[in-house]
Amino acid sequence: MKTQLSNVNAAKLCLLVFRNKKLNCVENVNPILDVMAGYGYYFDKISFVNFSDSKEIIRAVEDGKNNYENIIIYCPNEMENTLQSYIGKIYGAKFDAIGILHSGNSEVFMFYSDSGNRLRFSDVKKVLDNKYCTKFDKLYVKTVGAPSEKISEAIEKAKRICTDLDFNVYDKYGECCIEIVYSANTSKMVLDDVTREVTKTLNNYIYAMENISLAKRLFQILQLRRLKISVAESFTGGGLGNKLVNEPGISEVYFEGLNTYSNEAKTERLGVNELTLKQYGAVSEQTAYEMAEGLLRGGNCDICIATTGIAGPKSDNTLKPVGLIYIAVGLHDTVSVYKYNLKGDRDNVTNTAINLALFLAYKTLK
């Protein structure tokens with residue numbers, strides 16, 4: 001989920017998306033919104049235009065010309081000649097070789113929804129920055145498990161310190177990235193105050209103050225401390241290990257990953273007691289604890305993670321609810337087990353648990 005809280009740039013910007021309504025599809029324009037928001041520019045209006053209806057096309061383009069200083073066109077490549085010819089006539093100007101039309105104080109930028117783009121969003125940024133004499137930069141706050149009300153509280157406190165900021169909030173599977181977009185005119189003292197306030201409010205949930213992945217951050221701290229990690233997974237089915245091995249150079253710190261999905265695997269590979277499984281079940285604090293202990297007994301890792309839970313869509317043959325998960329993080333002298341009741345479908349439960357597991361390991365070593 002993405003949230004944009006905008007007040008940095010007041011430039012009027014319109015997005016016209018040309019599509020075939022008969023196909024009953026809506027192009028995903030989120031990548032356009034994300035890129036432009038990262039540059040500090042936001043759309044005042046987004047219109048979806050039926051490219052087979054000439055009257056609708058005329059209305060949309062004329063509305064854009066009359067009410068917005070800047071228009072981004074997003075259309076199939078096959079519409080290039082028709083649209084450029086029509087737009088050129090009403091603006092009294094021509095598109096250049098990469099797809100930009102300049103007319104007085106107005107600019108039109110043309111992107112293609114299929115292929116053949118010569119124009120880049122960095123070109124749009126350059127034109128708008130020069131036009132409005134602005135320059136933006138970003139600060140990042142990366143969190144896991146932060147409640148939405150806490151994030152809102154942190155943003156509100158920051159806005160009270162400085163109103164000339166944008167906040168782009170990207171939230172997926174419990175991991176949240178807060179982009180703080182600021183202009184070149186914002187003083188370092190103010191930015192320091194903003195950063196201090198945000199970190200104070202979200203301190204328990206922060207893993208980085210830069211644009212870095214959670215797995216990369218854990219990798220870095222393992223490297224720094226020259227430690228080895230192992231993981232044992234049940235319901236996450238190898239997803240946790242996959243996050244780690246996607247990091248180049250991870251072999252330096254990653255000893256092993258076991259996908260102990262069945263009870264037999266937990267017993268044979270990790271030494272989980274059969275009585276534990278019978279008395280408490282595979283999804284239990286006790287089983288998670290013993291899974292982590294089994295990894296540590298091998299003596300080849302310094303820290304370990306174990307996961308067990310019910311991802312859904314149905315529960316097991318117990319009365320335990322879908323979304324119940326246990327994550328164990330173990331060091332040689334202690335094993336801690338964390339219980340969560342997660343919401344959502346199977347994909348959400350599994351991926352949220354993976355992020356929580358990586359974050360808990362990071363917090364244990366921090």
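Trainee: Which elements do the buried residues of H9 pack against?

Mentor: This is a predicted model, in which local features need pLDDT of at least 70, side-chain atom pairs count only at pLDDT 80 or more, and totals for chains, interfaces and linings use all residues. Residues are numbered from 1 along each chain as its sequence is written, and side-chain values use heavy atoms, with hydrogens and water left out. Helices (H or I, at least four residues) and strands (E, at least two) are DSSP runs, numbered from the N terminus. With contact meaning heavy atoms within 4.5 Å, the buried residues of H9 pack against S11, strand S12 (254–259), helix H10 (274–280), helix H11 (285–297) and S13.

Trainee: Which residues of H9 are buried, and which are exposed on the other side?

Mentor: Buried means under 20% relative accessible area, exposed over 50%, partly exposed in between (1.4 Å probe, protein chains only). In H9 (residues 263–270) the buried ones are Ala265, Lys266 and Leu270. Seen down the axis of H9, these fall within an arc of 100°, so they line one face of the helix; the arc is that of the directions from the helix axis to the C-beta atoms. On the other side of H9, the exposed residues are Glu264 and Glu268.

Trainee: Tyr173 and Arg226 both have positive phi; is Arg226 buried or exposed?

Mentor: Most residues other than glycine have a negative phi. Phi of Tyr173 is near 55°, and Tyr173, at 24% relative accessibility, counts as partly exposed. Phi of Arg226 is also near 55°, in the loop between helix H7 (214–225) and strand S11 (229–233). At 77% relative accessibility, Arg226 counts as exposed.

Trainee: What is omega for the peptide bond from Gly312 to Pro313?

Mentor: Most peptide bonds are trans. Pro313 sits in the loop between strand S13 (303–309) and strand S14 (324–331). The bond from Gly312 to Pro313 is cis, with omega near 10°.
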